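Hi,

Here is the structure I said I would pass on to you. Have a look at it before you read my notes below.

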Amino acid sequence: MRPATFTVIVDKVRVEAMDTVSIELRASDSSPLPPFDAGSHISLHLPNGIVRSYSLVNATGHRDRYVLGVLRARDSQGGSAFVHEKLRAGDAIVISEPRNNFPLDETGERFVLIAGGIGITAIYSMAQRLVALGKSVDMLYCCRSREHAAWLEPIQSLGISLTLHFDAQHGGPPDLRGFLDERDRDTRFYCCGPTPMLSAFERACADNGYTHAHIERFSADPNAVKDTAKAGYEVQLARSGKLMRVEPGARLLDVLRAEGIDVASSCEQGICGSCETPVIEGDIDHHDSVLSESERAEGKTMMVCVSGCKGGRLVLDC
Ligand code: FES
């Protein structure tokens, strides 16, 4: 159930902008790291016991290093604060293999990329990949101020069409609709940023009839996380045969852990994919922001931190 983890060395910690550092990780023996593609993230298993997921910034194809961007969260629960205050070059740290919940559809020819704040990590990785593929890229990069804009110079030197928006300069958020309206419908649209930006992006894409629109959240969708066990249900673990009950209002993740089942987790908000668990049988009540509609319809996997069962019995492959 737990995704593969391994130990790497922190090679560099660098300030990229106000409140944002990059962390460069390498294998301790210089062996190639597992491959990844644009939009992927990894989880850091911090020495203080906290697990946090961060997008990879570097370009697809780099096997010698992973580069992450970490924003110091104002309300840090000990994840980003630890990275900023304690993590130093030379430290060993356990990480997960890369996972991609925000894959790039490379079959397109024209791409619109929109980043808000630290959402630039995945978007910058995508931009590098698209430039390497010779695709047309139109990017909108929004931040609170120029001082908060990480990787600004390398992004400007990519040679793409780039619009910068700084709230402090413009007195508020960008006009996303104005940026998105009247695009070719074959364009691929990608947006990563705070929830209000994602909501505005989704509305504008829906109103324009854009079918190739994709988002990645770094905070929970307020409409997605709900009480998933209103009626209660049974859970069976296929390997041990163990049977347990999830009472109304309870989280499946907590019930599994109370039974001694080792389930990885990071965000516990249905956005990172760390707690993904294979399902053999059952009517899953999905509330995550990770799985696609087709993955949900297949019913072979679920995020146990936010999802549950619509009733009856759930059989998990663990
Ligand atoms: S812990 Fe992140 S999706 Fe469940």
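(A salt bridge here is a side-chain nitrogen of Lys or Arg within 4 Å of a carboxyl oxygen of Asp or Glu.) Across the interface of domain 1 and domain 2, the rule finds one salt bridge.

Some housekeeping: this is a predicted model, so local features need pLDDT of at least 70 and side-chain atom pairs count only at pLDDT 80 or more, while totals for chains, interfaces and linings use all residues. Residues are numbered from 1 along each chain as its sequence is written, and side-chain values use heavy atoms, with hydrogens and water left out.

Now the layout. The domain assignment, which is automatic or from a database, gives domain 1 (5–96), domain 2 (110–217) and domain 3 (233–316). The C-alpha centres of domain 1 and domain 2 are 23 Å apart. Their contact (heavy atoms within 4.5 Å) takes 18 residues from domain 1 and 15 residues from domain 2. Together these two domains bury about 1400 Å², with 59% of it on carbon and sulfur atoms. (That is the accessible area, with a 1.4 Å probe, that two parts lose on being put together, summed over both.)

Last, the aromatics: the structure holds five aromatic pairs. One of them, F102 with Y190, is edge-to-face, with 5.8 Å centre to centre and 70° between the planes. (Rings of Phe, Tyr and Trp, the last by its six-membered ring, pair if their centres lie within 6.5 Å; planes under 30 degrees apart are stacked, over 60 edge-to-face, and the rest tilted.) This pair links distant parts of the chain, 88 residues apart: F102 is in the loop between β6 (92–96) and β7 (110–116), and Y190 is in strand β10 (residues 188–193). (Strands are DSSP runs of E, at least two residues, numbered from the N terminus.)

Cheers

Terms used
Helices (H or I, at least four residues) and strands (E, at least two) are DSSP runs, numbered from the N terminus.
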